[in-house]
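Q: Could you walk me through the pockets in this one, and then the strands around them?

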Amino acid sequence: APRSSGGGTRNNLIGISTSLSFLSNSVTTKSTTTFEVDARYGWNQGFMEYGPIGRIVYSSTEGRTTRDLTGGAFFDFNFIENVPGVATIYGVGAEATFGQNSETIGNTETSSSLMTFFGGGNAKWFGLNDTLAIRGDVGASYARYTTTAASTNNVGLLIKVGLGVYF
């Protein structure tokens, strides 16, 4: 149900999500630490939102580090128009990024090109005010790492949570 507007137009958005994980492998007993930051700027047309995104990922385990730096675009289709006064918006969205991956094992560094795609459902909740949204995404993730020698694909389910400021 529409609420009274908090004064924002929601024409533009800035979003960020971060993740930090500490995982342990039961077979090798090695621990992996991963830190990721996703940032986006976009334009809100009510039923459609789109714009550029950037992503930085750093991962470290014993004797091995990886770094990803990618940029691309996102597109959301909202089932409910994203206008001031609407508290919860559901939709579907997609992201595509392209960039570089660097992996260091011991003293050897290998670089590869990196292409990622994500698609799925999302929800934006403006429960605190009309300009700050908590966003959640659930969907399929695909990443392709390509070197001169080979290509590797990673596919799976991805769940993301972040904040968006609309103005």
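Q: How much space lies in the largest pocket?
A: The largest pocket of this predicted model holds about 1,000 Å³ of space. A pocket here is an open set of points on a 1 Å grid over the protein atoms alone, where a 1.4 Å probe fits, with protein on both sides within 12 Å along at least five of seven lines, and lining residues have an atom within 4 Å of a point. The volume is the space filled by probe spheres set on the points, which are joined across faces, edges and corners.

Q: Which residues are the closest to its centre?
A: They are Thr34, Glu36, Val57, Asp68 and Tyr145, out of 37 residues that line the largest pocket.

Q: And what is that lining like by class?
A: The lining of the largest pocket has twelve nonpolar, 17 polar and eight charged residues, where Ala, Val, Leu, Ile, Met, Phe, Trp, Tyr, Cys and Pro count as nonpolar, Asp, Glu, Lys and Arg as charged, and the others, Gly among them, as polar.

Q: Which strand gives the most to it?
A: Strand 8 does, with seven residues, strands being DSSP runs of E with at least two residues, numbered from the N terminus. Strand 1 (12-24) and strand 5 (88-105) are among those that each supply at least two residues of the lining of the largest pocket.

Q: OK, what about the second largest pocket, how much space is there?
A: About 150 Å³ of space lies in the second largest pocket, and its lining includes Asn101, Glu103, Ser111, Tyr145 and Asn154. Tyr145 is also listed among the residues closest to the centre of the largest pocket.

Q: Which strand gives the most there?
A: Strand 6 gives the most to the lining of the second largest pocket, with three residues, and by class that lining has two nonpolar, eight polar and one charged residues.

Q: Switching to pairing, how do strand 6 and strand 7 pair?
A: Strand 6 and strand 7 pair in the antiparallel sense over 13 bridges, where two strands pair if DSSP finds at least two bridges between them. A hairpin joins strand 6 to strand 7 through six residues, and the bridge partner of Met115 is Arg144 in strand 7.

Q: And strand 7 with strand 8, over how many bridges?
A: Strand 7 and strand 8 pair in the antiparallel sense over 15 bridges and form a hairpin with four residues between them. Asp137 has Lys160 in strand 8 as its bridge partner.

Terms used
Residues are numbered from 1 along each chain as its sequence is written. This is a predicted model: local features need pLDDT of at least 70, side-chain atom pairs count only at pLDDT 80 or more; totals for chains, interfaces and linings use all residues. Side-chain values use heavy atoms; hydrogens and water are left out.
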